[in-house]
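Keep the sequence and the 3D view open as you read.

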Amino acid sequence: TLGEGMGTRPRTIKLLILMLPVFYFPPTPSSLEWMMHLLLDVVRDNRSPSPLVHLAFKFLYIITKVRGYKIFLRLFPHEVADLQPVLDMFADQNPKDYETWETRYMLLLWLSMTCLIPFDLARLDGNILSEEGRTRMPIMDRILKVAKSYLVVSDKSRDAAAVLVSRFITRPDVKQKRMADFLDWALSTLSKSSFQTMEGTIVMDGMLQALAQLFKHGKRDDCLPYASTVLECLDNCKLSESNQTLLRKLGVKLVQRLGLTFLKPKVAKWRYQRGCRSLAANLQFSAQVPVAQNLVAAAVTAAADEEEYDIPGEVENVIEQLLIGLKDKDTIVRWSAAKGIGRITGRLPKELADDVVGSLLDCFSFQETDNSWHGGCLALAELGRRGLLLPSRIADVVPVILKALTYDEKRGACSVGSNVRDAACYVCWAFARAYDPLELKPFVNQISSALVIAAVFDRDINCRRAASAAFQENVGRQGTFPHGIDILTASDYFAVGNRVNCFLNISVYIASFPEYTQSMIDHLVNMKINHWDGVIRELSTKALHNLTPQVPEYMTNVVLPRLLPLSVGTDLHTRHGAILACAEITHALYKLAAENNRSVTNYFNEKSLEGLKQIHQEVYYVTKIILNIFSTIPDGWQWLINDSLRSLPLVSSTARQQIKEAAVSALAALCNEYYINEQREANPQYISELQNTEEMIRCGFSLALGALPRFLLKGKLQQVLEGLKKVICISHKDVSFAESRRDGLKATAKVCQTVGVKRDGPQDEFVCKDNVIQIYMMLLNGMSDYTTDSRGDVGAWVREAAMTSLMEVTLLLVQNEPELLDANICKQIMCCVAQQSAEKIDRFRAHAGSVFLALLNFDNPPIPYIPHREELERIFPRSEAVTLNWNAPSQAFPRITQLLGLPTYQYYVLLGLTVSVGGLTETTVRYSAQSLFDYMKKIQNNLDAMNNFCETLLRVFEDNLLNDRVSVPLLKMLDQMLANGCFDIFTTEENHPFSLKLLTLCKEEIKKSKDIQKLRSSIAVFCGMIQFQGDMREKVLFQLLLLLCHPFPVIRKTTASQVYEMLITYSDIVDPDILDVVMTVLSDTNWDAELPVVREKRNYLCDLMKVPKPQLVSKVECGVFAVEFS
């Protein structure tokens, strides 16, 4: 598009083709030059039209953006002959043309290079009188005018103008004549502008950029006379109060440049120099001793030779502003201030530099914000990297950095501090490169432990990776970290990317080294179990569980006594984490005792035992801790479990499932631990709670019954099954309780597995011949649950649980008492699961497919009475059972539609396919419909197969009449089948029974309907049925003409449109002599008009097409005004 209208289209296309690689591959240094020449040839060619020139500059800008302007700048041609043409090009530029700013940007960069020619610019002016006798502006003034004009524009040209100023004003001939005037203009403009307006912000940005670049590239002697004035003006601007991040950053940048101008450019002789940086020497620590001694001696000599000189008073103001910049709210400002602190400190005497470090350490007060901590860390890293942080200060800095590595301040529902921790890792990385191993030796254990903790236990992936990189640098540069190589191998950049892996696996390996074990545990207890993020609290407690076998005595004697008071504290996060930690540690000690054949009480003192026993009296959240409590408190724990289940409706939906699962697993453990030797039965309250009006209470107590051990269910099985049956069955008052029905089905299967199977056993104790049918009916009822609410198809949860439970109970029976299975039950199971395997929701279809294949392929022993087993095994070979992806419609539907050829499965598979083919998801509709059409093509010439299929189709329609879940997708499927010629075998026979029955069902389905979607689908079906011969055509036309006067205008318009298309497709429907008239009436009539007007047009069509006119009888409920003639 960029080349349109240029008149040189071939050149444009050639240029585009040549530059295409730039967009995919970054230009290499060798390719930059030819790209530059290629594009500048287009620019310099006088025949190049303006759009082509702009296109060339756009490409130049793209390359500059990729490589950076500083590298690209050197490649611009900068001969004397280039200066005048570049200046002349500015005459053709419009600064307000926002589509060609790349051209102006590149011209300014080019001019900033050409203005460096080593000749006095006055020599290039020649005769400044033009031919017309008027005085021409000197080149020096022209360049300065261009620079000033573009310093106040709103596009990126402003940046290039600042570069031009810095290079042009610092020329020897220009600085003598124009530097003072330019600075006066810049400061005057700056003082008159306000950052409160957008225009003022743009102007101030340009001025600050120009001044910063000027003081960066200008010589100190040239800039020093003006530095105080610029600093005073900058103070008056009060940029620190601005909301514009870029202005504050430029202000800090200019301040540091002014500070460097005030100070003599010298390398501080007192700075620390590490000397030898050989990696091999680092790994041989003993070899470093003489080197370090030499360094100390050199430092003493340098200090003695240090030259004293006066420091201007303005430097104090500069340093103060930079320290304020370290606390700015934006990172780029703090980073600029940190670099400024490093640069200026390098020019100060040793005593003043030490004062700067002292002021810097004040940033790390806990009264300061996270911004101050982050800026302080960046500044410390800069000082360390430059050797300006002397070893004598390391003892003051290391404790601060250790705190920064774990800095995490809570703010509302989250926390801040990840940037502080990341910057602290940068400090450790910088120190590893800056200092000799002997200097850091006293702090090795502290730093290594802190970095390991950050690499493994930090919440944020960028902090974990930064800590891993800092640890790696210390291992390589210092060579003193304990077990550095081993730890680094386990916690490299990629390994620490997975948070769960860090907490649960890498931490265990690192804790096997005794230098790190205690510090890691202490960090989890002090910093992580009370974390605001619940996921971190849970991972931390699991990590404590995994670390317990390393130091069980420390956990028992130190950690648990610290956790017990926290478990009954007032802070919710701390209480939650402490209880989980107690549970995980106690559970780990329990397993450890079991492995060593010891009593778990050997690990606990009396105080710890008493604290664990009393937790249930204070809190309502319980997990696996009850597995491991030791004496006479089961009643207390039983109360806590029951209370937790009854409190489920009061809990947030996110935590509800976890609490329910924890309470149920705790109940099972409690019963097996304490009730096995007692004569107890299932708690009657559990069964009565199954009829609670709260759905969540039903869920909890259903699963609780499923978790009870066999000895508690003995003699109560029938009572439990009756209670669960009431939960599973849908009644009018609890139709929305899908979750309770789901959990009731799960509990039924669990109860059956718990009590076991005995064919002739009592029905109160076993699954037997007297109750097996009842159990299967309960489970099969769940397969027909299609409840929907605001959450969608919630009945799918019930169907999923029913399929799983049917599989579990069936496998239980076939392995113990296969004679309890009968053919009818097996048929119902396989047909219902096959139906679910053909439905539209991918996840539940995949689950149904896996259950279907599990039942089919089970051979220990094989399940009897599976209908058409041989055909099924041919359709679903065992070798493909694992690779078949039921989630993918492209793989699932071609297989499942083959079951349409098996009479037993045909009805159920067609019922499932109906909702898929008539669904909304594009991929599901496409592959299911294509699979169905492929099957129809195979049986198209088989009259018996077609008759059987059509009878089944009509039965599906009849059984689900007025059931919108099936009938609406069925109408859509019929439309597609009719359009694809699936019933062509019947279209030649007049008044075929299939078509008559189908028409009757369609009319019955839409009778009194106000469903727009259903009515539209029926119109498409009626239009498709016009292909049937005989009286069918007249009946179909009558129905369509009836809909032309439907009360809903949208239905009238849809009918007219589709009848029009139908007449084009089937031109033999009406007499060719009247076809044009009919189609004209259909297309030209305003079907949105009032019904009397529309009815007149409709009746005219009836006369033309010789179809009886519908008679108006009365206004019925659905708003239909006419009925058929009898």
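A residue is called buried when its relative accessible area is under 20%. The model shown here is predicted. Thr810 has a relative accessibility of 2%, so Thr810 counts as buried. Thr810 is found in helix α39, which covers residues 795–816. What does Thr810 contact, leaving aside its neighbours within four places in sequence? The partners are Tyr776, Leu821, Ile829, Leu855 and Ile863.

Now turn to helix α11. This helix covers residues 220–237 and has 18 residues. From first C-alpha to last, α11 reaches 24 Å, close to the expected 26 Å. A kink of about 50° in α11 is centred on Tyr226. Several residues of α11 are buried, among them Ala227, Val230, Cys233 and Cys237. The cover over the buried residues of α11 includes α9 (172–192), α10 (198–217), α12 (245–262) and α15 (314–325). After α11 comes Lys238, with a positive phi near 50°.

Next, the cysteines. How many disulfides are there? The count is zero. A disulfide needs two cysteine sulfur atoms within 2.5 Å. The sulfur of Cys237 is 4.5 Å from the closest cysteine sulfur, in Cys233, so the two are too far apart for a bond. For Cys363, the closest cysteine sulfur is in Cys377, at 9.6 Å, and that is also too far.

| Residue | Relative accessible area | Class |
|---|---|---|
| Cys237 | 13% | buried |
| Cys363 | 2% | buried |

Note on methods. Residues numbered from 1 in each chain as written. Predicted model: local features only at pLDDT ≥ 70, side-chain atom pairs only at ≥ 80, totals over all residues. Heavy atoms only, no water. Helix = DSSP H or I, 4+ residues; strand = E, 2+ residues; numbered from the N terminus. Buried < 20%, exposed > 50% of the residue type's maximum accessible area, 1.4 Å probe, protein only. Contact = heavy atoms within 4.5 Å. Expected span 1.5 Å × (residues − 1). Bend = angle between axes of the 7 residues up to and from the residue.
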